[in-house]
Amino acid sequence: MSTPDIRRIPAAETRGLRRAVLRPHQPPEAVVYPGDDDQDTLHLGVYSDGRLLGVASLYREPPPYALKAITAWRLRGMAVEQGRQGQGLGAALLKACMDHAREHRGTQLWCNARATASGFYRSLGFIQHGDVFELPGIGPHHLMSRELKESER
């Protein structure tokens, strides 16, 4: 496998993998998220040998637990093709998202992580907030976040 190539992509290009990996039993409109077309939103794709293998989207949005205004970004719709998971593609995508958030004065990255992926996020410095919760039709999730430090670049 060649070195993954991470690049900015349009929202529409994220939707095939979002649906295949995250919401295969839901209608196509279930993978069109609010804020997909906002000017601040970032969509990234990871490619290897010219194939799109993973996607992630980043939205400027405070977490639900924020008691004061913080400069936070929300990770959403992160998906790596089945059979390519566990090869570092997701970690590379997530690190690119963290770099983008830092470059845009972000101090925190947060997400609603599937319970099955919470170990992946923990391995990259995320912490869990509260108990597991159910997203109807999707499954159990954890609210997770990670502080972003300028020194980590």
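The dialogue below takes up the cores and then the largest pocket.

Analyst: This is a predicted model, in which local features need pLDDT of at least 70 and side-chain atom pairs count only at pLDDT 80 or more, while totals for chains, interfaces and linings use all residues. Residues are numbered from 1 along each chain as its sequence is written, and side-chain values use heavy atoms, without hydrogens and water.

User: Which residues of the largest nonpolar core touch the most other members?

Analyst: In soluble globular proteins, nonpolar side chains tend to be buried together. A nonpolar core is a set of buried Ala, Val, Leu, Ile, Met, Phe, Trp, Tyr and Cys residues joined through side-chain atoms within 4.5 Å; buried means under 20% relative accessible area with a 1.4 Å probe, protein chains only. Here the largest core has 25 residues, and Leu58, Leu75, Leu94, Leu109 and Tyr121 touch the most other members. Helix 2 contributes the most, with seven residues; helices are DSSP runs of H or I, at least four residues, and strands are E runs of at least two, numbered from the N terminus.

User: How large is the volume of the largest pocket?

Analyst: A pocket is an open set of points on a 1 Å grid over the protein atoms alone, where a 1.4 Å probe fits, with protein on both sides within 12 Å along at least five of seven lines; lining residues have an atom within 4 Å of a point. Points are joined across faces, edges and corners, and the volume is the space filled by probe spheres set on them. The largest pocket has a volume of about 670 Å³. Among its 30 lining residues, Leu22, Met78, Arg114, Ala117 and Tyr121 are the closest to its centre. Strand 4 gives the most to this lining, with seven residues.

Note on methods
Buried means under 20% relative accessible area, exposed over 50%, partly exposed in between (1.4 Å probe, protein chains only).
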